[in-house]
Amino acid sequence: MYYISILVLFQDAESPSSLTDISMAWVCHNVEVLCVAQEDGSLRFRHCPVFPQELADQLLHRMADEGVLNDRTVGIFQNLEHLRLRRACIQSSRLSAEAFRRSLCPHKLQELNASHIHSDVTISDVLHGLTSSKLCRQGLQTLLMDGLRLYGGAGEESLQASFSMLRGLKKLSLAWTDLNDRGLEDICAIPMLESLDISGTNVTDLTPLLNCQSRLLSLNAHGLQKVEMPASSFISVLSKLHLLRHLDISNDRLVMDRDDLVQQLLERPGMLPQLVSLDVSGWRGVSGAAIQAFVEVRPGLRFIGLLGTGAGGSELLCGDGQLKVAGESSLTQLCEALRRYSDRESFIREVLAHLYSHTSDMEEPQPHIVKLVLAAMRHHTDSPHVQLVASACVFNLTVQELVLGMPLRLLGNVVQQLLTAMKNFPNHEQLQKNCLLTLCSDHILQVAPFDRYEAAKLIMMMLGNHEDQTVQRMAVAVVSILVSKLSTEEIAELGAEAYIMKQLLSIVQQKASLGVVDSTLKFALSALWNLTDETPTACRHFIQCQGIELYMELLESYYSESSIQQKLLGLLNNVAEVEELRMELMNEDLVEHILSLLINPEVEVDISYFAGGILAHLVSVRGAAWSLDAELHSTVQEKLVSLSFRTFQPFYPLLHVSQCPGVQLWALWAIQFVCRQNAPQYCDMLQSEGGTDILRVLSSHADTHSDVKSLTQNILKILEQNIHPTSSGTKRGNIISVS
């Protein structure tokens with residue numbers, strides 16, 4: 001366990017996950033398997049070693065983070081001998097008041113974070129559980145209950161338990177609760193209270209704070225919109241908190257300081273002499289001169305929040321020295337604001353708007369800023385405005401060469417966060433554009449670690465919601481590249497989704513109706529080609545969606561576009577590979593057109609190659625019987641026999657051991673076909689060009705597919721039977737030129 005702790009200490013953000021993290025994640029995902037049920041329905045470990053206290057705390061925290069902490073699983077912590085908790089985090093979990101009381105309150109807790117619990121648990125419930133335990137009443141020092149309701153649905157008139165019963169409590173946070181003046185009075189009677197957060201509550205009067213002026217060191221009163229005290233009375237109370245080191249009276253609405261609240265605080269002589277940090281962000285129109293004068297007489301000040309105030313432009317407030325500044329006057333101030341205000345939506349929106357301007361012409365990679373922007377996106381997944389501006393900032397920070405300087409794990413996080421934004425706001429066109437702009441990066445799509453299958457599926461689903469040409473172009477480009485990186489199994493699974501085939505064919509039809517040749521058309525055709533590769537289900541969907549009729553039209557209308565012809569024939573080739581689907585290709589016009597491509601000497605070799613593959617499948621003895629004109633059948637056979645190559649050089653890269661089996665099989669099929677037709681010519685050609693060595697390497701490699709290995713060995717047998725001395729006068733064919 002000592003070594004695990006060392007691993008945690010030295011792990012940084014870009015290093016591999018620590019052994020502790022891996023172990024905790026595994027336990028969380030397998031907790032049901034590792035446990036047995038108790039009489040009350042909760043779980044306990046079958047075999048439980050004595051956990052070091054820090055690891056017990058980490059396990060509880062990780063279970064909450066992973067969303068597996070509930071009334072059943074929390075039962076494992078009833079084992080007080082083996083799982084001792086001191087710093088309990090159940091934030092955002094789903095626990096009932098009874099499960100909380102039974103499983104966690106018996107521990108000798110020093111800290112508890114019960115913020116934003118997704119259940120009917122109230123502040124009153126938590127207090128009742130804690131104060132029922134003598135250990136917690138005396139030992140609890142930190143209590144966080146942000147976002148909870150004070151009372152239950154019945155609306156009790158008084159708390160079932162008093163805050164002041166927690167005799168050892170030093171830090172209390174009740175931000176964004178319905179705490180009122182009566183609750184504040186109770187809180188201020190806590191004998192050891194040093195830090196208090198009442199941000200966004202219903203408190204109207206801060207006078208009760210005077211009851212703890214001899215011990216209060218930190219006060220967060222951000223976003224107190226219901227305060228009814230005059231500004232002068234407000235400042236008077238604060239002025240008596242002589243020990244205060246941290247004060248936050250920022251305004252989440254970013255409004256003008258019409259009552260001169262901040263100005264009075266800044267100009268009052270001897271105000272808060274011990275102050276280390278002051279936050280007045282959100283009060284527009286604050287005097288820069290007053291801020292500077294306040295800072296100059298407090299050399300111990302280490303942080304000041306000035307976002308949205310209009311101040312912060314002086315050299316003293318640049319934020320590069322010991323005094324950190326959250327503001328908008330520089331990139332340094334903006335980064336500090338991102339760190340400080342990650343959970344405050346209004347402030348994050350303000351920061352990101354300024355950050356977008358500051359990052360529009362970056363010259364050096366800034367991975368630390370990207371991390372801060374991603375953190376903001378994670379904190380505000382339900383805010384379209386945050387996601388919109390943040391995604392624009394991410395694009396600025398990863399554009400062109402900047403992306404090359406980003407750690408790969410960070411790029412994977414970028415992709416995941418952008419996909420989450422796209423999923424949460426499928427109809428927000430500009431947000432979709434922003435995300436796709438960043439994703440349209442070969443570097444990101446090729447090397448960043450993320451689930452390419454899920455990404456391709458999500459983007460195809462999103463594509464149906466948009467007719468915007470820019471969105472279509474980028475989405476199809478991204479999908480085309482993603483599909484090319486998928487495994488055969490993933491392609492088969494993706495190709496089985498009929499809606500994907502419909503979407504892509506619809507885009508092809510749309511482009512074809514306009515007669516255009518653009519990147520959207522090419523990417524869509526490439527994606528269709530890849531999706532049908534070794535995927536019979538996708539080939540069936542293609543036929544069901546009238547794909548063959550569409551492709552026949554395209555073969556005619558794009559006859560002179562070799563790049564389009566190749567993609568069209570490549571997909572038809574995939575269909576021809578499926579025996580039971582070959583009958584669908586038995587169309588006289590289609591076959592005659594493909595035949596013309598095979599015998600035309602001006603057609604590029606790859607097009608003739610695919611044309612030959614389709615025809616070879618149609619006249620093969622396997623699959624559907626030939627149903628067209630007998631004379632056409634004879635012509636096809638005759639032209640296939642006359643197929644010849646000047647060189648095998650274009651095929652050798654396709655035979656590399658890293659190529660997928662489908663690519664290797666097609667190259668081997670072509671080589672075997674002509675070697676059987678004219679062994680003396682082509683066996684000598686393979687020998688002289690070094691093709692024999694390539695075939696032997698492929699045949700002996702451990703990762704070579706069995707079908708590939710079998711076909712390779714067949715060719716080598718033909719070579720053994722027909723090998724001739726290499727001759728400089730080797731005959732060369734004149735039907736298909738690939739030189």
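**View 1. Aromatic pairs in the predicted model.** The model holds 3 aromatic pairs, counted where ring centres of Phe, Tyr or Trp (its six-membered ring) lie within 6.5 Å. Planes under 30 degrees apart are stacked, over 60 edge-to-face, the rest tilted. Y341 and F347 pair edge-to-face, 4.8 Å centre to centre, with 70 degrees between the planes. Y341 is buried at 1% relative accessible area, and F347 is buried at 0% (buried: under 20% relative accessible area, 1.4 Å probe, protein chains only). This is a predicted model: local features need pLDDT of at least 70, side-chain atom pairs 80 or more, while totals for chains, interfaces and linings use all residues. Residues are numbered from 1 along each chain as its sequence is written, and side-chain values use heavy atoms, without hydrogens or water.

**View 2. The W529–F610 pair.** W529 lies in helix α23 and F610 in helix α28 (residues 605-618), 81 residues apart. Helices are DSSP runs (H or I, at least four residues), numbered from the N terminus. F610 is buried, at 10% relative accessibility.

**View 3. Arginines over rings.** The charged end of R298 sits over the ring of F294, 3.6 Å from its centre. R452 sits likewise over F450, at 4.4 Å. The rule asks for NZ of Lys or CZ of Arg within 6 Å of the ring centre and within 35 degrees of the ring normal.

**View 4. Helix α24 (residues 536-544).** Its buried residues are A538, C539, H541, F542 and I543. They pack against α21, α22, α23, α25 and α26 (contact: heavy atoms within 4.5 Å). Q546 follows α24, with a positive phi near 60 degrees.

How values were computed. Buried < 20%, exposed > 50% of the residue type's maximum accessible area, 1.4 Å probe, protein only. Helix = DSSP H or I, 4+ residues; strand = E, 2+ residues; numbered from the N terminus.
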